Amino acid sequence: MECLRMELGEPDESGRRRPVPMKGSEFQLECDMAVIAIGAGPNPLLTTTTPGLDLNKRGYIVGDLETGKTTKPGVWAGGDIVTGSATVILAMGAGRKAANSIHDYLINK
């Protein structure tokens with residue numbers, strides 16, 4: 001996977017600073033899979049090609065709301081893919097809970 005570091009640019013007319021690429025900051029990371037998390041609905045490519053991952057009637061991943069654990073061992077999910085469209089604050093909280101659960105999983109493995 002090729003990555004590019006970003007930094008905050010100058011404020012625009014609304015006062016908001018937006019990310020801009022840092023020239024010469026490209027680097028590569030090896031990975032087995034990258035999950036693209038863009039959009040307001042579940043990505044059918046992910047949900048139809050991952051055996052052992054249970055979905056609810058709306059096509060969202062079934063995940064424990066306190067840990068992010070899914071029905072597939074070693075896989076966590078949180079945010080809109082579990083709850084449907086919600087706030088970024090809830091998604092960030094789900095990410096934090098999942099990170100803690102993943103940490104515990106790795107420490108106790």
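1. Disulfides: the structure holds zero of them, where a disulfide is a pair of cysteine sulfur atoms within 2.5 Å. The sulfur of C3 has its closest cysteine sulfur in C31, 8.1 Å away, so the two are too far apart for a bond. C3 counts as buried because its relative accessibility is 16%, while C31, at 41%, counts as partly exposed. (Buried is under 20% relative accessible area, exposed over 50%, partly exposed in between, with a 1.4 Å probe and protein chains only.)

2. A word on the model, which is predicted: local features need pLDDT of at least 70, side-chain atom pairs count only at pLDDT 80 or more, and totals for chains, interfaces and linings use all residues. Residues are numbered from 1 along each chain as its sequence is written, and side-chain values use heavy atoms, leaving out hydrogens and water.

3. Beyond its neighbours within four places in sequence, the contacts of T70 (heavy atoms within 4.5 Å) include L53, I61, V62 and W76.

4. Do have a look at I89 too, which belongs to helix α3 (residues 88–108). I89 counts as exposed, at 58% relative accessibility. Together with V88 and M92, I89 makes a nonpolar surface patch of about 330 Å²; patch residues have over 30% relative accessible area and no salt bridge, with like charges joined within 9 Å and nonpolar side chains (Val, Leu, Ile, Met, Phe, Trp, Tyr) within 5 Å.

Definitions and conventions: Accessible areas come from the Shrake-Rupley method with a 1.4 Å probe; for residues, only the protein chains shown count as cover. A salt bridge is a side-chain nitrogen of Lys or Arg within 4 Å of a carboxyl oxygen of Asp or Glu. Helices (H or I, at least four residues) and strands (E, at least two) are DSSP runs, numbered from the N terminus.
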